[in-house]
Amino acid sequence: MFVGIDDISFYASDFYLSLATLAQHNGKDPNKYLQGLGQHQMGVLPCDEDIVTMAANAAYPLVANKGTDKIRTLLFATESGVDQSKAAGLYVHRLLNLHQNMRIIELKQACYSATAALQMACALVEKNPQHEVLVIASDVARYGLNTPGEATQGCGAVAMRITAQPRLLSMDAACGCYSEEIMDFWRPNYMDTALVDGKFSAQAYLKALKYSWNDYQQTGGRPFASLARFCYHLPFGKMGEKAHRKLALINKFSLTEEEISDTLLSSLLYNRYIGNSYAASLYICLLSLLENDESDLSGKPVGLFSYGSGCVGEFFSMEVQPGYQAFSRKQQHFDMLEKRTEIDYQRYTELFNLQWSTCGKEMILPKQTKGRYRLGAIRNHQRIYEPVSEIKTTSKVNMNTQTDNCY
Ligand code: COA
């Protein structure tokens, strides 16, 4: 019996900032961001979007398409949690009207957690092939204004339906892991931006790739030359190219720069316009590959490398199923990206510095998103989510509720 990804969809926040605009304000050559990092735009959250609304928006097409009855587990991967106790998936459960008889849990290990969720989901489906698992990864990458990491911010969510006899990709048994306790990137509970040693994190990523690959080979993984395509965790596009160059060298292949970028081009596309989406990034990369590669990938194996700072790496592979093209949402994803609103630098900084209510005082959020679900208010320390179709009067209220008056 095969298990794997039967359906997949992603959601990009409604606002974005051009990295050329950011470069202008930071006094940088735009090519540092466009060519040096391989990024063109970064997703910015409107005030009424967060990981929950992005997750519900990403998953909506999957449940609208095949219903919710068979989904009995929801695994929500994120490092941008909105609550220390309650799993963000519970809000999604209500918004999407999911089955009452199901388990829901949130997973965290930096950008890696969605891969752990995928592996657990496959094991659950193998145990009971009648049931399906909804895996959602949703994250917001925040490093701080005028820091080296600023140009590698972004956000996004991806949802995957994991089933037996999947229509898109089946999971190979082999996988290789590597873990080591290091401080390359972390975010203490009292901070809303990450702390990062950027150069060290890139080195740690490549080290984890090497050892995960070696472990993948030892567990019966496919040889490098037999993998038709590769998907890498993408903190920024150029990192994927660095990783592929490294993996080729480990396997004694000398690839030209052109060969490397040609091999990865289709998988880098979506991330280039939304930026880093942490746990979601690898799977948005995979979706970009499936929807934009010009070759027929039916029956072809894809190698995937997942990395989460701190650090855990995993190399694994999946096989593309014949006829996968019939289930593509390429047009919807392109439309969504095209309909986003470009914001200027001032609006970006206003949203970045938005003061959230931390004292229980009511904060009603104006409608900004064009998405299907939104954060309507924070009231008595509770986040109030709503389908956009149910909005009544919120748009007349000011979002600039300051926390200063709370105490
Ligand atoms: N034109 C073209 N390329 C340019 C350029 C220009 N005008 N100016 C600089 N570059 C290139 C640099 O040569 C470099 O490429 P290289 O890495 O291939 O040598 C790249 O652009 C980035 O420049 P650099 O000076 O190294 O950037 P930085 O030190 O300001 O920040 C990161 C880069 C990635 C370290 C930083 O964005 C960061 O900390 N990001 C968050 C952490 C992260 O993403 N980690 C990755 C692993 S998870």
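A polar side-chain atom of S201 lies 2.7 Å from a nitrogen atom of the ligand in this predicted model, and the elements that give two or more residues to the shell around the ligand are α2 and α6.

| Residue | Protein atom | Ligand atom | Distance |
|---|---|---|---|
| S201 | polar side-chain atom | nitrogen | 2.7 Å |

On its own the ligand has 960 Å² of accessible area, of which the protein covers 68%. The shell around the ligand holds 16 residues, with K32, P148, K199, S201 and K242 coming nearest, and by class these shell residues divide into six nonpolar, six polar and four charged. The largest share of the shell, four residues, is supplied by α6.

The ligand sits in the second largest pocket, which has a volume of about 840 Å³. This pocket is lined by 34 residues, and those that lie nearest its centre are P148, G149, T152, G198 and F236. Two or more lining residues come from each of α2 (30-37), α6 (198-218) and α7 (237-250), with α6 giving the most, namely seven residues. In terms of class, the lining of the second largest pocket comprises 17 nonpolar, 12 polar and five charged residues.

Terms used:
Residues numbered from 1 in each chain as written. Predicted model: local features only at pLDDT ≥ 70, side-chain atom pairs only at ≥ 80, totals over all residues. Heavy atoms only, no water. 1 Å grid on protein atoms, 1.4 Å probe; cavity = no way out; pocket = protein on both sides within 12 Å on 5 of 7 lines; lining within 4 Å. Points joined across faces, edges and corners; volume = space filled by probe spheres on them. Nonpolar A, V, L, I, M, F, W, Y, C, P; charged D, E, K, R; others polar. Near = heavy atom within 4 Å. Polar contact = N/O pair within 3.5 Å; in protein donor to acceptor, adjacent residues only side chain to side chain. Areas by Shrake-Rupley, 256 points an atom, 1.4 Å probe, with all protein chains shown as cover. Sits in = over half its atoms within 2 Å of the grid points.
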